[in-house]
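Hi everyone, thanks for coming. Today I'd like to walk you through a structure, one piece at a time. Please have a look at it first.

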Protein chains: 2
Amino acid sequence: MPAPARKAAHRSVARSARARPLRKSPQARKSVERTVDLGGLNEHLGYFIRRVQVWVFQDFIRVLRIVDISPAQYSVLLVIDANPGLSQAELARTLGIERARMVRVLHRLDRRGLTRRLRSSADGRAHSLRLTQKGQETLRRAATLAQTHEARLIERLGAEPYKAMRTILREFRSMP
Amino acid sequence: MPAPARKAAHRSVARSARARPLRKSPQARKSVERTVDLGGLNEHLGYFIRRVQVWVFQDFIRVLRIVDISPAQYSVLLVIDANPGLSQAELARTLGIERARMVRVLHRLDRRGLTRRLRSSADGRAHSLRLTQKGQETLRRAATLAQTHEARLIERLGAEPYKAMRTILREFRSMP
DNA sequence: TATTGTTATACTCTATAACTATA
DNA sequence: TATAGTTATAGAGTATAACAATA
């Protein structure tokens with residue numbers, strides 16, 4: 001359910017300190033550039049959650065570019081793989097993606113030959129979702145790359161903080 | 001730098017268990033609806049980070065609807081307030097928002113009379129950003145509401161996990 | 001009546017390229 | 001040559017409403 005990004009762009013905050021003449025103007029404005037104060041933002045966890053989340057998506061997209069699978073597509077493939085035959089509505093509710101949005105996501109995966117939509121035998125309205133052979137192969141390749149991404153996240157957060165966040169957030173997920 | 005949402009929509013995963021006849025079809029498909037397996041997604045912290053982040057934005061937007069301030073706008077107001085006179089480029093880099101995107105954000109805040117863009121005396125190219133009187137008042141009201149949101153997040157995560165994540169993520173932020 | 005898949009509309013956000021005016 | 005502000009464009013995501021077929 002993410003917002004893919006094409007390229008790593010955002011960097012901000014900590015810019016690589018580059019040596020420069022550093023003119024002594026009244027406020028020495030230029031030298032301040034690297035130390036902008038976040039102000040009250042420091043008191044909002046949501047801001048920092050957003051920053052990590054953006055980093056995660058950018059890294060994920062970069063690492064999985066070879067297979068051209070976005071975070072949203074990856075989540076869809078994994079859930080179909082784990083629940084063959086489930087419907088679009090079930091899938092959408094599970095991942096928190098709008099039903100209307102899911103239609104396009106699946107259209108695209110179908111066009112690429114990664115998924116199939118069969119008429120459900122139990123419910124005439126519903127589609128029964130499956131991965132194709134190619135879909136399973138692509139998922140396998142994607143999963144390997146996704147592990148690389150995960151390793152980078154662990155390295156970046158530190159093993160202990162990573163485990164701590166895992167415990168905390170998997171709990172959060174199941175809440176009402 | 002967020003993606004505002006109009007209304008709380010996403011719910012998914014844990015649906016309020018509703019009593020139902022529960023027909024005993026071969027796979028009892030319907031009863032499965034509430035227990036769709038996330039599969040390999042369980043091994044990706046990024047997925048859970050994304051879910052909390054979405055919750056945070058939705059809650060923030062809902063709580064601050066009275067003042068009509070989005071997460072992105074709020075972050076912009078806070079940073080300008082803490083660094084009066086900074087330029088658009090500095091602001092954009094600090095928050096990880098594209099320079100081009102920042103133009104529109106500030107246009108809108110200017111139109112609402114919350115911010116001002118003055119010509120910088122030090123650099124003829126740059127704008128010197130300030131909050132107006134109205135901007136400061138709006139920020140004050142927004143900050144009060146944002147504290148309400150923060151309290152909800154703490155309640156939702158638990159005080160200890162909240163503090164733990166705060167420590168972890170504020171560290172993450174300053175990394176290269 | 002409610003749900004499923006679908007189409008359509010409006011808006012936000014990201015990424016990119018290009019232009020101008022300054023430095 | 002590089003940077004600041006700007007405009008424009010393409011694509012993805014979100015929120016909503018509405019519709020036909022089916023339950």
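Let's begin with a term: a helix here is a DSSP run of H or I with at least four residues, and helices are numbered from the N terminus. Keep in mind, too, that this is a predicted model.

With that, we can go to helix α2 of chain A. A:R62 and A:D59 both sit in this helix, three residues apart, which is about one turn of the helix. Their side chains meet in a salt bridge, at 3.1 Å from N to O. Now, buried or exposed: what is A:D59? A:D59 is buried, because its relative accessibility is 2%, and buried means under 20%. A:R62 has a relative accessible area of 41%, so A:R62 is partly exposed. The pair also belongs to a network of salt bridges that links A:D59, A:R62 and A:R152.

As a general idea, side chains of opposite charge can pair when their charged atoms come close. How many salt bridges are there over all chains? The count comes to twelve.

One of them is formed by B:R166 with A:E43, with the closest N and O atoms 3.5 Å apart. B:R166 lies in helix α7 of chain B, while A:E43 is in the loop between α1 and α2 of chain A, so this pair joins two chains. A:E43 is partly exposed, at 44% relative accessibility.

Another salt bridge brings together the side chains of B:R125 and B:D123, at 3.0 Å from N to O. B:R125 is exposed, with a relative accessible area of 68%, whereas B:D123 is buried, at 18%.

Now for some helix packing. Two packed helices are described by the angle between their axes and the distance between the axes. In chain B, helix α3 (residues 71-82) packs against helix α6 (residues 133-157) at an angle of about 120 degrees, and their axes are 11 Å apart. That angle makes α3(B) oblique to α6(B). The crossing of these two helices, α3(B) and α6(B), is left-handed. Which residues meet there? From α3(B) we have B:Y74, B:L77, B:L78 and B:D81, and they meet B:L139, B:A142, B:A143 and B:A146 in α6(B). The residues of this contact divide into seven nonpolar, no polar and one charged.

Last stop: A:V103, in helix α5 of chain A. A:V103 is partly exposed, at 32% relative accessibility. Leaving aside residues up to four places away in sequence, A:V103 touches A:Q88 and A:R117.

Definitions and conventions
Residues numbered from 1 in each chain as written. Chains lettered and ligands numbered in written order. Predicted model: local features only at pLDDT ≥ 70, side-chain atom pairs only at ≥ 80, totals over all residues. Heavy atoms only, no water. Buried < 20%, exposed > 50% of the residue type's maximum accessible area, 1.4 Å probe, protein only. Contact = heavy atoms within 4.5 Å. Axes fitted to C-alpha atoms, helices over the stretch in contact; angles between N-to-C directions. Parallel < 35°, antiparallel > 145°, perpendicular 65-115°, else oblique. Left-handed = near helix turned anticlockwise from the far one by under 90°. Nonpolar A, V, L, I, M, F, W, Y, C, P; charged D, E, K, R; others polar. Salt bridge = Lys/Arg side-chain N within 4 Å of Asp/Glu carboxyl O.
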